[in-house]
Amino acid sequence: MIAAVLVGLGLTTAGGTPAQADTKGCTFYGNMSVGGYSVPAGSYCATIVGSGTYVTGVQGEFYAPNICNWDVTAEFFNNNWVWKTTYTSSRNYGCSYGSAWAPFIGVSRTISQLTGTSSGYMCSTLRVGGQRVTSVCNYIY
């Protein structure tokens with residue numbers, strides 16, 4: 001199973017979803033300044049694409065009036081939250097308006113290959129100027 005845990009400006013939610021389906025988690029964030037850029041309030045969603053404990057990839061998307069110089073990450077942790085590996089999308093050096101799909105982050109590994117344990121976490125982070133805006137985390141078991 002894959003469960004979503006949302007992390008963003010003090011908002012944390014958890015829920016369970018069958019692993020056979022894609023799992024999507026979303027979080028909202030407020031206006032802020034990040035990496036020297038003004039970031040308007042919006043939302044960020046991340047979908048783990050895969051089945052069971054096999055992760056094909058991670059797809060991020062955001063909804064905001066305007067975000068510039070952004071990328072997303074997919075970070076994997078073991079079941080004790082020990083970081084193991086990070087995948088990063090290409091960076092969009094321009095600006096995106098309204099909504100945007102991040103480049104698909106291909107993984108093609110089992111959670112055991114990614115974390116060294118039979119379960120673990122994937123956190124996807126929306127970054128502006130290389131610095132964190134918000135994150136969405138999923139527990140894979």
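Mentor: Let's go with E61, which is buried, with a relative accessible area of 3% (buried means under 20%, exposed over 50% and partly exposed in between, using a 1.4 Å probe and protein chains only). Before going on, keep in mind that this is a predicted model, where local features need pLDDT of at least 70, side-chain atom pairs count only at pLDDT 80 or more, and totals for chains, interfaces and linings use all residues. Residues are numbered from 1 along each chain as its sequence is written, and side-chain values use heavy atoms, with hydrogens and water left out.

You'll find E61 in strand β7, which covers residues 54–78 (helices, H or I with at least four residues, and strands, E with at least two, are DSSP runs numbered from the N terminus). Who does E61 touch? Leaving aside residues up to four places away in sequence, E61 is in contact with K24, S43, Y44, C45, A100, W101 and A102 (contact means heavy atoms within 4.5 Å). There's also a polar contact between the side chains of E61 and Y63, at 2.3 Å. For that term, count N or O atoms within 3.5 Å; within protein, one must be able to donate a hydrogen and the other to accept it, and residues adjacent in sequence count only if both atoms are side-chain atoms.

Now for charge. The whole structure has three salt bridges (a side-chain nitrogen of Lys or Arg within 4 Å of a carboxyl oxygen of Asp or Glu). One of them joins the side chains of K24 and E61, at 3.0 Å from N to O. That pair links distant parts of the chain, since K24 sits in strand β3 (residues 23–29) and E61 in strand β7, 37 residues apart.

R91 is in the loop between β8 (83–88) and β9 (92–101), 20 residues from D71. D71 is buried at 3% relative accessible area, while R91 is partly exposed at 29%. D71 also forms a salt bridge with R127, with the closest N and O atoms 2.9 Å apart. Put together, D71, R91 and R127 make a network of salt bridges.

Next, the rings: there are six aromatic pairs in the structure. One of them is F62 with W70, edge-to-face, at 4.9 Å centre to centre and 85° between the planes. Ring centres of Phe, Tyr and Trp (its six-membered ring) must lie within 6.5 Å, and planes under 30 degrees apart are stacked, over 60 edge-to-face, the rest tilted. F62 and W70 are both buried. W81 and Y121 are stacked, because their centres are 3.8 Å apart and their planes are at 20°. W81 is in the loop between β7 and β8 and Y121 in strand β11, so this pair ties together parts 40 residues apart in sequence. F77, W81, Y121, Y139 and Y141 form one aromatic cluster.

Finally, zoom out: the protein has one helix and 12 strands, and 48% of its 141 residues are buried.
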